[in-house]
Amino acid sequence: MMLGSLARFWHKGWITELYVKPSFYFTYQGFEWVRPLGYTGMHLLFAGMALAALLITLGLFYRLACVLFFLTFTYVELIDSTNYLNHYYFISLISFLLIWLPANHYFALDVTFKRQHPINSVPRWMVGTIRLQVGLVYFFAGIAKLNGDWLLRALPMKIWLPAKSHLLLVGPLMYETWVAYLFSWFGALYDLFIVFFLLHRKTRPAAYFLVLVFHLATALFFPSIGVFPYVMILSSLVFFSSAFHQRFLATIQRTGLFRIAKLNSPALPFKPRANQFLLTIIGIFFFLQVLIPFRFLLYPGSLFWHEEGFRFSWRVMLMEKSGNVFFYVKEPGTGKTYEVNNREYLSPLQEKMMSTQPDMILRFAHFLAETYQQEGIKEPAVYAECYVALNGRRSRLFIDPTVNLAQQSLSWRHYSWVLPYQKSE
Amino acid sequence: MNLSGKKTWLGLIAAVMLFVIACSEGDKTEAVPDNGFDKTAMLTNYADNLIIPAYAGMEQKLAALESAVNTFLATPTTETQQALKPIFKEAYLQFQRISVYQLGPAETLLLNNFLNTFPADAALIENNISNNTYNLEVNAATKQQGFPALDYLLFSDQALQKLDQPTGPNRKKYVQDILARMKALVNTVHANWNNTYRAQFIANTRADVGSPIGFLVNQFAYELDQLKGPRIGWPYGKQSGGTLFPEKSEAYYGGFSGSLAVENLTSLKKAYTGNESGKGISDYLIALKKEQLNTDVLRQFDLTIDKLKAIPDPLAASFTSHKDLVDAAYREVQNLLTLMKTDVASATGVRITYQDSDGD
């Protein structure tokens, strides 16, 4: 027997999450059908998102708020793939799941205002879906770490750790090879197995202690990953028992705003058919969730190099990749070549993200063809000279410089104009 | 899962951990013992032997320039103009030695932007002179001051003639105001380094965005980007389908853009090696076991400097008469930039995040 209130507590994480968002406002680069809505539009969108998050937390107009939050958040996320982050994707998914769950029936204003019947128990699968989602994130992050560079060569840890030698006490250790291996292996084992320990009642407190240690350590060592550790720390609380959450909620109850459902409240008043419909949706959802991270298997070539099937797969902090790309626009009629100043069009972050990701390079190439055509260049051909260094290895030519990218189309297929990965130093 | 199953799991994990530790210990015996790298000593070297002396040098050269300019303005003739030019060139060369260190107080004041945003905007400058009102302190005024403005005011074809016109006194005052502002900016940065920033700089051994090490690696890439773009590529017509803009080159009127480019890159190499003191970013790379990369970077520096030196000064003329030499140098600058922006940045775990700015 689990309580519907479990999910709500952990929305608190989203509120802090919202404080971090403003960096979004500054990075628009919409080549997809989703476009930024301009200054005022974006601010309204974020205001709507904040309101929705607040309503979800309070449990007021819950379902409407969930839909609103899911739509606004996902919309913003889709504007620019520069800003793709695994935990944004995670939040999108969770908010989608919450639309279908009755998390407004226990410790919620919807109950206080008699908009919903109080319920104090939900079918186990409802909490299970959230747990499964959190579990999938960890497990796939673990699987992603099972590769030669991570396990056998401790890359990219070997690169990242010496940059942290300023840290108190542990600083000097950062140059040690064995420390890099320890971090790599501990990270992989943690991701793979933590969920199982969280699920088991007896190991749960110890496992949660590990969650705290692990994520606080990552927050300390890699501040650039932002709120991700905190999101996971709070999300993992969903594994705790209903009694634990009830104790927590009881302390909040003193505000008098919320009413906790009485124990003799009826069980969830779902019709069997509606229940089945829900289960089908959530079943399909998880089926896709399990398949999507494995789609990289359909592509030939190195995953890290080509990044085909890389996103939406819980590959977190896995590689050190830097690139540098020059674009040349050629006019076949006159033979003239125009070298592009990328920063005329892109923010430094966008340029950086683009320089290692083929689909972004292609999008930008198409944009350039369009732009130069408007400026009077006839049939512009776009070529890229791009060098990429992966996991501290020497940089290599990334894109075939003889291919006219203006004539290559975006697709889900393998891009043949991305040169194969050469591993040798 | 029953209890014994769980114990098995724990046992397995413990075994794996021990195995890993054993493995990596084994690895260590093969590798060169690594005692870390003294980042504080490196930063101290940069502060005391490179950056602060460069600002002191800039102050001296500007003082010398000021007195030479005053002599010239008192009696503007072809002779005094010719006598002024080498002193102006000396000061401009010294600027190339501080250019790469745009971090800390220099970054706050936008020192490079105010000292060397080229080409200068002649129309705005003429406007300022005829109106005799201007504010050089706003960010929008970067193209109306600094070395490029002096270059235009002192050495353009009609410089002497214009000093003779009724607006002559205004013009002289404008030159002196520009110089005073340049001196004030450099003095402020220099004093800041001496007073408080030096201590902050050497104490911060992080490598993240905004840290000295992060800044240095970023500035190496940024300077190379400037060399490739505003200093050579843009006036050479790289972005404009071959249409030349020689007047956009650095020190166009003084006619020594080539020397400035060579000095810029030579200073950059000096910054990269920490003046070959054993305490530079190059040595940090060696400590990170990237000897080969470091060797390649140094070789690429030397090659590129040679190719730049091969182009006769001024670049503006060579853009037409020595295209092959310009192309060759441009190619090598680009290769060096790629090494810096991908290989070196990747090896040091530094993110290239520099922001855009017009010209230098």
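## Where the two chains meet

In this predicted model, chain B brings 54 residues into contact with 43 residues of chain A. The area buried between chain B and chain A comes to about 4,300 Å², and carbon and sulfur atoms give 55% of that area.

Between chain B and chain A there are 16 residue pairs in polar contact, counted where both residues have pLDDT 80 or more. On the chain B side, at least two residues each are supplied by helix H1 (3-30), helix H10 (212-233), helix H13 (291-309) and helix H15 (323-348). Of these contributions to the side of chain B that touches chain A, H15(B) makes the largest, with 13 residues. Sorted by kind, the residues on that side of chain B are 21 nonpolar, 16 polar and 17 charged.

## Salt bridges across the interface

The number of salt bridges between chain B and chain A is 5. One salt bridge in the model joins the side chains of Glu385(A) and Arg331(B), with a distance of 2.9 Å from N to O.

## A glutamate beside the other chain

Glu351(A) lies in helix H16 of chain A, which covers residues 348-354. Because its relative accessible area is 10%, and buried means under 20%, Glu351(A) is classed as buried. When neighbours within four places in sequence are left aside, the residues in contact with Glu351(A) are Asn342(A), Arg343(A) and Leu346(A) from its own chain, together with Lys341(B) from chain B.

## Cysteines and disulfides

A disulfide is a covalent bond that links the sulfur atoms of two cysteines. Over all chains of this model, the count of disulfides comes to 0.

## An alanine in chain B

Ala122(B) belongs to helix H6 of chain B, a helix made up of residues 122-131.

Note on methods:
Residues are numbered from 1 along each chain as its sequence is written. Chains are lettered from A and ligands numbered from 1 in the order in which they are written. This is a predicted model: local features need pLDDT of at least 70, side-chain atom pairs count only at pLDDT 80 or more; totals for chains, interfaces and linings use all residues. Side-chain values use heavy atoms; hydrogens and water are left out. Contact means heavy atoms within 4.5 Å. Buried area is the accessible area (1.4 Å probe) that two parts lose on being put together, summed over both. A salt bridge is a side-chain nitrogen of Lys or Arg within 4 Å of a carboxyl oxygen of Asp or Glu. A polar contact is a pair of N or O atoms within 3.5 Å; within protein, one must be able to donate a hydrogen and the other to accept it, and residues adjacent in sequence count only if both atoms are side-chain atoms. Helices (H or I, at least four residues) and strands (E, at least two) are DSSP runs, numbered from the N terminus. Ala, Val, Leu, Ile, Met, Phe, Trp, Tyr, Cys and Pro count as nonpolar, Asp, Glu, Lys and Arg as charged, and the others, Gly among them, as polar. A disulfide is a pair of cysteine sulfur atoms within 2.5 Å. Buried means under 20% relative accessible area, exposed over 50%, partly exposed in between (1.4 Å probe, protein chains only).
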